[in-house]
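Colleague: I would like to learn how to read a model like this one. Could you take me through it feature by feature?

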Amino acid sequence: MNPRVITQPLTGNPLAAAVISGAAPSGWFEPQPHDVAAWRDRLEAVRADFGNDWLARLAPSFDATGNAKQRLDSVAGGKGVVVTTGQQPGLFGGPVYTLSKALSALALADSLQEATGIPVAPVFWAATDDTDFKEASSTAIAVPGGAQLLRIDHSEPLGLPMASMPLGDVSSELEALERSAGSTIDRTPLDLLEKFYTSDATIGSSYVAFLRALFAPLGIAVIDASHSATRAAAKPVISAALKKADQIATAVSARNRELEAAGFTPQVQDVPGLSLVFSAASGGRKRIPIKAAAKREPSDDLGPNVLLRPVVERAILPTATYIGGPAEIAYFAQSAPIADVLEVARPAIVPRWSATIIEPHVEAILEKLYLLPEDLRDPHEAEARVARSRLPKRVVDELSAARTVLDEAIAALSNAIAEEKAPVAPAVTGGLRANLTRRFDRFERRLIAAAKKENADVMQQIGTARGSLYPLGKPQERSLNFVPLLTRYGPILRDEMLAGARDHAASLLGDSKSSRSLEEAGTARGRT
């Protein structure tokens, strides 16, 4: 049995939803092409606007090999463009959406190249300059009865970029991840983790090395945001952002007000008085004050914040579009005015492909207990419903009847008090109703708790399903590590995911048939 891959709508925040539906104001974003002719125009414009030496300058930051290098070489020298995506480091490669993003970029690059005849290479931007240790230091794995959080400690002060944060000894966490993989079809991802997640590596370097080795056979190149070649290429934009820090702040504040006036919350909150350029001169990253920005000379320790990063990426790579998630879509609305101030091309973005993977043993649990995947979103609802269904029918019927009798009796009592003008305030009767209802609720909870205890094996099965689909209360693709899935099902799972991503890419190119299939929430693959 193979897992089922279910394409699902990309959800997140209201602004991203508005963009995806086409309801967001057009001036907030670089327009998205909606047919092959418009995409061809976009690709032609991007490659014509770019220098021929960009890859020569950035080659060390890619360190590409195999198919990834061939794909990059095919677009170098003004021959083609790239489609990018990216993510900050996650422990052991991160959650499922790391893989979903990479496959989304590959699928869109393939589709654009096939449709237009212009070479297109997929690129994954590894944001190793990020300082979010909390996200980079943990990952979730599915285990019998639920999910387990794997987390590592930091040996250096927080605030360091992940490129500089030592990884330390992660052997016990890696062993736990390997145990969760169980019987494997393809050990390659695990072998790569063991090779690159070593005590002498940093969180950032292990992440980059692992993704490069995993993605290279697919033709996906990984660029290291912290590499000196990346920083050198970004210097002109960083320098301009320092010189125009005050103008940028004004433009971003104006855009934020527009967002708020339209009923949206800016994805990235404004910090008055600080530029969008970070300095890592003192070890940790600190934003340079606007008052000091104009006098600051460009140096290798400078880097962009989250709003400036898309502008930098578009300036150093011939990017036809970035393919991202809801949060990224939302903050690109704030990045657009930055590009306008700097008089460089606006970065473009399209939504990534999103999916849930239902493994055969999880499918069996859902079918047995008459549950849907979304029933497991709530941390207790499914258990309570199943436990209640295991109570004797007579007990459930009598409990329901008792509630009805109670409601009728209280209603009759309230009417009598009102009609006879008894010296009791309506609030007193209402309090009696609430008190008795709480007692009934408490009694029912005790019944359900007893049923849960009596059916502990069934409750564990629900926990197992939730640990796969909503680990630690979060959607699978945002929390569950993808490596055990790849090792259990091998290329079959990857290819099924890629097929779903290709359908999504076709819809981005204006294929109405693919668009309709994506709108059907039940799109499923992989069941045999």
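Modeller: Start with contact range. In this predicted model, take the contacts between residues at least 6 apart in sequence: 78% of them join residues at least 24 apart.

Colleague: What secondary structure does the chain have, and what box do its C-alpha atoms fill?

Modeller: Count 23 helices and 13 strands. Along the principal axes, the C-alpha atoms fill a box of roughly 90 × 55 × 50 Å.

Colleague: How much of the chain is buried?

Modeller: Of the 528 residues, 52% are buried.

Colleague: Which residues have the most contacts inside the largest nonpolar core?

Modeller: That core has 69 residues, and the ones with the most contacts inside it are F92, L108, Y197, F210, F215 and M497. Helix α5 provides the largest share of this core, 10 residues. Another core lies apart from it, with 62 residues, including L15, F264, V311 and L342.

Colleague: Take L108. What does it touch beyond residues up to four places away in sequence?

Modeller: L108 touches V83, T321, I323, V350, A505, L508 and L509.

Colleague: Now a charged residue, D110. Where does it lie, and is it buried or exposed?

Modeller: D110 lies in helix α5, residues 96-116. Buried means under 20% relative accessible area. D110 has 18% relative accessibility, so it counts as buried. Leaving aside neighbours within four places in sequence, D110 is in contact with R71 and R502.

Colleague: Next, a helix and its cover. Which residues of α15 are buried?

Modeller: Helix α15 spans residues 360-369, and its buried residues are P360, V362, E363, I365, L366 and L369.

Colleague: On to loops. Where is S226 found, and why does it count as buried?

Modeller: S226 sits in the loop between β6 (221-224) and α10 (228-243). Its relative accessibility is 17%, so S226 counts as buried.

Colleague: What is S226 in contact with, once neighbours within four places in sequence are left aside?

Modeller: The partners of S226 are T128, D129, A163 and R231. With T128 there is a polar contact between side chains, at 2.8 Å.

Colleague: How far apart are S226 and I417 in sequence and in space?

Modeller: S226 and I417 are 191 residues apart in sequence. Their C-alpha atoms are 76 Å apart in space.

Colleague: Last topic: cavities. How many cavities of 30 Å³ or more does a search of the whole structure find?

Modeller: The search finds four. The largest cavity has a volume of about 90 Å³.

Colleague: Which residues line the largest cavity, and how do they divide by type?

Modeller: The lining consists of W125, D129, A225, T230, R231, A234, I238, L302, G303, P304 and V312. By type, there are seven nonpolar, two polar and two charged residues. D129 and R231 belong to this lining, and both are also in contact with S226.

Colleague: Which element gives the most to that lining?

Modeller: Helix α10 does, with four residues. Both α10 and β9 (302-304) supply at least two residues each.

Technical notes: Residues are numbered from 1 along each chain as its sequence is written. This is a predicted model: local features need pLDDT of at least 70, side-chain atom pairs count only at pLDDT 80 or more; totals for chains, interfaces and linings use all residues. Side-chain values use heavy atoms; hydrogens and water are left out. Buried means under 20% relative accessible area, exposed over 50%, partly exposed in between (1.4 Å probe, protein chains only). Contact means heavy atoms within 4.5 Å. A polar contact is a pair of N or O atoms within 3.5 Å; within protein, one must be able to donate a hydrogen and the other to accept it, and residues adjacent in sequence count only if both atoms are side-chain atoms. On a 1 Å grid over the protein atoms alone, a cavity is a set of points where a 1.4 Å probe fits but cannot get out, and a pocket is an open set with protein on both sides within 12 Å along at least five of seven lines; lining residues have an atom within 4 Å of a point. Grid points are joined across faces, edges and corners, and a volume is the space filled by probe spheres set on the points. Ala, Val, Leu, Ile, Met, Phe, Trp, Tyr, Cys and Pro count as nonpolar, Asp, Glu, Lys and Arg as charged, and the others, Gly among them, as polar. A nonpolar core is a set of buried Ala, Val, Leu, Ile, Met, Phe, Trp, Tyr and Cys residues joined through side-chain atoms within 4.5 Å.
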